[in-house]
Amino acid sequence: MPSLLVQNTKIKRTALSNSIKLFNFGIPAFQTRSGKRTCPNAGPCRNWCFARTKLYKMSKVQDAYEYRYEISKKDYFNSIISYEIQRVKAKYIRVHDSGDYYSDKYMLKWFEIANEHPNVNFYSYTNMISMVKKKQIPENFDFIFSDSGTEKKLINKSNDRHTKIFNNRSDITIHGYVDATDNDLLATKWFNKNNKIGLTFKK
């Protein structure tokens, strides 16, 4: 049975550099093998999403993400995630290194989990901007809006924490963004007060 809370390369590097128990949870990028959309508001990002390339394309890896997606639909999802949080002693969880909030019910499950674990911080990059803005978000949950989805026009770039993809790292600083290419936690409100988060395709 695949683990539910794991560490991809960037998350592991971020955890080590900050000496923090950081883990990620992911489901299939864009859609499942059966065609169920897991990123309902994906825009052009579907064509270059890193979670649809390289290691993510390996059958064993895809199996694990499909498994997590199926588990996420179950009524016992909250309890099994809570067990995993305690097992790995997580302090920070990135919800979705792959995939997004495919339904309102699914997002609310994560809010319930966050409320059950007030000493754990949760964060997500997401294209589900209108869904997030309609919710009362737990204090220990942070969202970073992606600027590549179908709802990017809803981003208030003065007030909303959001990402912008740059071709090189020097452009990130020039445009007043904080470079979170290496340190994923710099995208969050706990490590960075600037709402403008810059990322690059490559270092």
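How many helices and strands does the chain have? The chain has 7 helices and 7 strands, which are DSSP runs numbered from the N terminus (helices: H or I, at least four residues; strands: E, at least two). This is a predicted model, in which local features need pLDDT of at least 70 and side-chain atom pairs count only at pLDDT 80 or more, while totals for chains, interfaces and linings use all residues. Residues are numbered from 1 along each chain as its sequence is written, and side-chain values use heavy atoms, with hydrogens and water left out.

**Overall form**

- Read from the N terminus, the order of elements is α-β-α-α-α-β-α-β-α-β-β-α-β-β.
- The radius of gyration is 16 Å, close to the 17 Å that the globule rule gives for 203 residues, so the chain is as compact as a globular protein of that length. That radius is taken over C-alpha atoms, and the rule is 2.2 Å times the number of residues to the power 0.38.
- Along the principal axes, the C-alpha atoms fill a box of roughly 45 × 35 × 35 Å.
- Of the 203 residues, 52% count as buried (under 20% relative accessible area; exposed is over 50%, partly exposed in between; 1.4 Å probe, protein chains only).
- Among contacts (heavy atoms within 4.5 Å) between residues at least 6 apart in sequence, 64% join residues at least 24 apart.

- Leaving aside neighbours within four places in sequence, F141 is in contact with residues including V95, Y101, W110, F122 and W190.

- Helix 3 has 14 residues and reaches 20 Å from its first C-alpha to its last, close to the 20 Å expected at 1.5 Å a residue. The expected span is 1.5 Å times one less than the number of residues.
- The buried residues of helix 3 include A64, Y65, E66 and Y69, and their cover includes strand 1, helix 4 and helix 5.
- The 13 residues of helix 5 should span 18 Å, and its end C-alpha atoms are 19 Å apart, which agrees.
- In helix 5, Y106, M107, K109, W110, F111, I113 and A114 are buried.

**Aromatic rings**

- The structure holds 16 aromatic pairs, counted when ring centres of Phe, Tyr and Trp (its six-membered ring) lie within 6.5 Å; planes under 30 degrees apart count as stacked, over 60 as edge-to-face and the rest as tilted.
- F77 and Y106 form a tilted pair, 6.2 Å centre to centre with 50° between the planes. F77 lies in helix 4 and Y106 in helix 5, so the pair ties together parts that are 29 residues apart in sequence.
- Both F77 and Y106 are buried, and one aromatic cluster includes F77, Y106, W110 and F141.

**P28**

- P28 sits in the loop between strand 1 and helix 2 (45-48), and counts as buried because its relative accessibility is 8%.
- Among the residues that P28 touches, not counting those up to four places away in sequence, are T38, Y65, Y69 and S98.
- The C-alpha atoms of P28 and A64 are separated by 8.8 Å, with the two residues 36 apart along the chain.
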